[in-house]
Amino acid sequence: MRRYLIRKLITYLLAFFVGVTIDWGIPHLMPGDPVATYLSNFSLQPAGYAAAYKTMSEAFGTNLPIWEQYLRFWQGLLTWHLGVSYSNFPTQVSTLIAQAVPYTLALLVPAITLSYFLGNRLGAAAARRKWLDNSVLPLGYTFQAIPYPWLALLLPYLFAGVWHVLPLSGPYDNTLLPAWTWTFVWSLVRHWFLPFLTVFLISLGGWAIGMRNLVIYELENDSSRYMRALGANERVVRRYAYRNASLPQLSGLALALGIVIGGNIVVEQAFQYPGLGHLLYNAITNKDYFLLQGIFIFIVIGVLVANFIIDLVYISIDPRTRLSMQGAAA
Amino acid sequence: MSEPASQSLSDSPDSPAEGVPAEGVQPPAVPAIAPGAIAGTAVPVAGVPLGAVGAARRRGNDFLYYGLRNRKLLFGIGLELLLVLFAIIGPFLAKYSPNSLQTPYAHPSVKYWLGTDSFGHDIFSQLANGLRESYLVGALGAACAAIAGMVLGFAAGWRGGILDEVLQMFTNIVVMIPALVLLVVIGSYLSTRSVLFEGVFIGLTTWPWVARAVRAQTFSLRSREFVELARLSGKRAWSIIVKDIAPNMASYLFLVVILLFGSSMLLAASYDFLGLGPTNVVSLGTMMNLAELNAALVYHMWWWFFPPGLVLTAMVAALLVANVGLDEVFNPKLREQ
């Protein structure tokens with residue numbers, strides 16, 4: 001148990017370290033000299049250029065030895081000074097991220113948790129039940145195979161373009177001012193629904209099919225046969241099968257996070273939904289590297305935290321780990 | 001041989017001696033296609049009697065017998081073959097080259113089968129060419145992931161110990177670094193990006209799923225009697241892996257690679273949609289990207305974004321269905337009762 005946690009902790013720390021190092025490397029990997037690139041935006045006389053180059057190098061710290069730049073990066077990160085956004089001058093990167101995070105969480109948290117629970121229930125119910133299986137299976141495969149960009153175009157086309165029931169894009173009606181009034185909240189919800197539905201539907205199929213396959217396997221297991229032989233009713237057998245099957249599904253959830261986050265970036269971009277993904281896209285198009293760095297490290301931290309939570313849940317639902325915590329197993 | 005054969009990943013030897021949820025417990029998962037997806041394949045057909053040629057031939061005939069009677073497999077393969085055929089001959093059927101400019105904003109008609117976009121590109125021609133790119137990227141991605149994943153997975157599973165620890169750590173780290181953002185970094189370093197680059201990049205960020213699967217399987221196989229015997233006979237590690245271990249997980253590995261093929265195509269579509277894909281190439285993702293950027297939704301130009309997404313969905317869904325059919329063929333436990 002302790003060994004497991006220590007190993008996990010080391011993995012997390014190393015992943016964080018690698019993430020930060022890659023993040024720091026972003027401007028250093030860029031072709032050319034960042035200061036020169038920046039100064040090429042202005043038409044300067046040679047003398048002025050030299051002076052400006054010197055000043056900017058000192059300001060950005062590019063004249064320092066490379067290891068010192070790296071240490072300074074860590075220092076800035078640990079004190080949460082991510083720099084100033086270039087495309088939204090003079091807003092701090094941390095402010096921009098803080099503004100975007102609620103939107104992303106509002107999409108991802110319900111989409112991931114709801115699709116996980118509903119998908120698992122649906123899949124478990126479909127296992128070895130012909131009529132349900134025949135409807136869940138094809139639908140599940142179709143949802144799973146849908147590319148994020150397509151659904152993110154198709155849903156607004158149908159709901160906004162053809163049926164006119166939901167707004168096309170954006171976080172809220174742009175004739176409204178943000179305020180905690182019913183009209184505004186209702187507008188937020190209406191704009192939130194389609195991007196949420198996109199992420200939700202695509203994830204749903206995968207969980208349902210994964211669970212269906214695992215439960216079929218568990219139902220054929222010796223333990224299930226034994227329970228049936230003892231005369232246990234089918235509902236009880238299924239309940240145990242479901243619980244056994246949830247473990248691999250849960251570790252699958254940790255692995256899926258990165259993919260869902262990637263899909264979310266596509267969805268936010270397609271719906272012009274101002275979350276982290278949208279911010280990231282803007283950072284790419286504007287070559288705003290401080291912003292890019294800030295978002296990158298924020299996403300890495302987010303994935304690590306989510307993994308840690310899943311680890312804790314895993315430990316709490318796997319009886320084998322609980323047993324060893326009480327010292328029953330050597 | 002038949003009893004240990006049915007051992008699932010969840011009781012592989014490295015699994016919780018101390019009640020530790022070891023990594024090996026996890027069934028391999030495939031990206032984009034949500035991980036649980038191939039959990040059903042987590043039942044390896046390992047332990048099918050080896051050695052006897054007759055047995056192998058009988059097994060092959062068995063697979064053929066069940067394969068030809070599996071509707072899922074036949075449907076999946078049939079649909080996929082149709083689409084491959086379209087990718088091969090489609091570009092020759094197209095009347096206009098994908099980048100030539102015709103009348104813009106044309107509805108689907110006899111002249112332009114699937115209409116034209118707001119620049120005047122013929123959608124049918126773009127679709128047929130885009131399909132080729134998708135298959136190419138998918139194949140490249142799956143091949144790279146399979147090679148990298150197998151090398152690392154076999155190494156970790158066979159050697160165990162410190163090497164295993166280090167490789168597992170590495171795998172876990174790669175999984176946690178968001179691939180899309182990494183692509184932004186590398187992508188902006190290169191002024192032009194090719195299809196090859198995209199495929200290799202996808203492969204190099206998705207190999208952990210293969211590696212996990214291969215490692216867990218190797219772990220459970222390497223302590224079997226026939227492997228011990230091979231080792232006692234003085235065979236080299238490499239030859240044991242290739243001749244004794246790999247064939248026992250071939251079917252399983254095949255399924256993982258098929259799923260990776262599908263998910264690589266989906267990932268490529270997402271990258272292309274964000275404008276991070278290959279430059280100067282028509283792909284299904286770039287078609288949707290252009291449709292998005294040029295307000296196809298506002299102008300109700302459904303024929304611009306609907307076909308590429310539909311075709312891609314069909315391509316991946318056919319793979320998934322064929323995959324589950326194959327799974328049932330390889331794995332008697334899953335067959336319909």
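Colleague: What percentage of the 337 residues of chain B count as buried?

Modeller: Bear in mind that this is a predicted model: local features need pLDDT of at least 70, side-chain atom pairs count only at pLDDT 80 or more, and totals for chains, interfaces and linings use all residues. Residues are numbered from 1 along each chain as its sequence is written, while chains are lettered from A and ligands numbered from 1 in the order in which they are written. We call a residue buried if 20 or more other C-beta atoms (placed from the backbone) lie within 10 Å of its own, exposed if 12 or fewer do, and partly exposed in between. Of the 337 residues of chain B, the buried share is 56%.

Colleague: How many helices does chain B have?

Modeller: Helices are DSSP runs of H or I with at least four residues, strands are runs of E with at least two, and both are numbered from the N terminus. Chain B has 0 strands, and its elements read α-α-α-α-α-α-α-α-α-α-α from the N terminus on. Its count of helices is 11.

Colleague: How far does H4(B) reach from its first C-alpha to its last?

Modeller: H4(B) covers residues 123-159, 37 residues in total.

Colleague: How many residues of H4(B) are buried?

Modeller: H4(B) is mostly covered. Just after this helix comes B:Gly160, with a positive phi of about 60°. Within H4(B), the buried residues out of 37 number 28.

Colleague: How are H3(B) and H4(B) oriented to each other?

Modeller: Their axes come within 8 Å and cross at roughly 125°; axes are lines fitted to C-alpha atoms, for helices over the stretch in contact, with angles from 0 to 180 degrees between N-to-C directions. Residues including B:Leu83 and B:Phe86 of H3(B) and B:Ala128 and B:Tyr135 of H4(B) make the contact, where contact means C-beta atoms, placed from the backbone, within 7 Å. Angles under 35 degrees count as roughly parallel, over 145 as roughly antiparallel, 65 to 115 as roughly perpendicular and the rest as oblique. H3(B) and H4(B) are therefore oblique.

Colleague: And how are H7(B) and H9(B) oriented to each other?

Modeller: The axes of H7(B) and H9(B) are 9 Å apart, and the angle is about 155°. Among the residues that meet are B:Val210 in H7(B) and B:Val256 and B:Leu260 in H9(B). The two helices are therefore roughly antiparallel.

Colleague: How many C-beta neighbours inside 10 Å does B:Val195 have?

Modeller: B:Val195 lies in helix H7 of chain B. Its contacts, leaving out residues up to four places away in sequence, include B:Leu136 and B:Pro278. B:Val195 counts as partly exposed because its neighbour count is 19.

Terms used:
Expected span 1.5 Å × (residues − 1). Contact = placed C-beta atoms within 7 Å.
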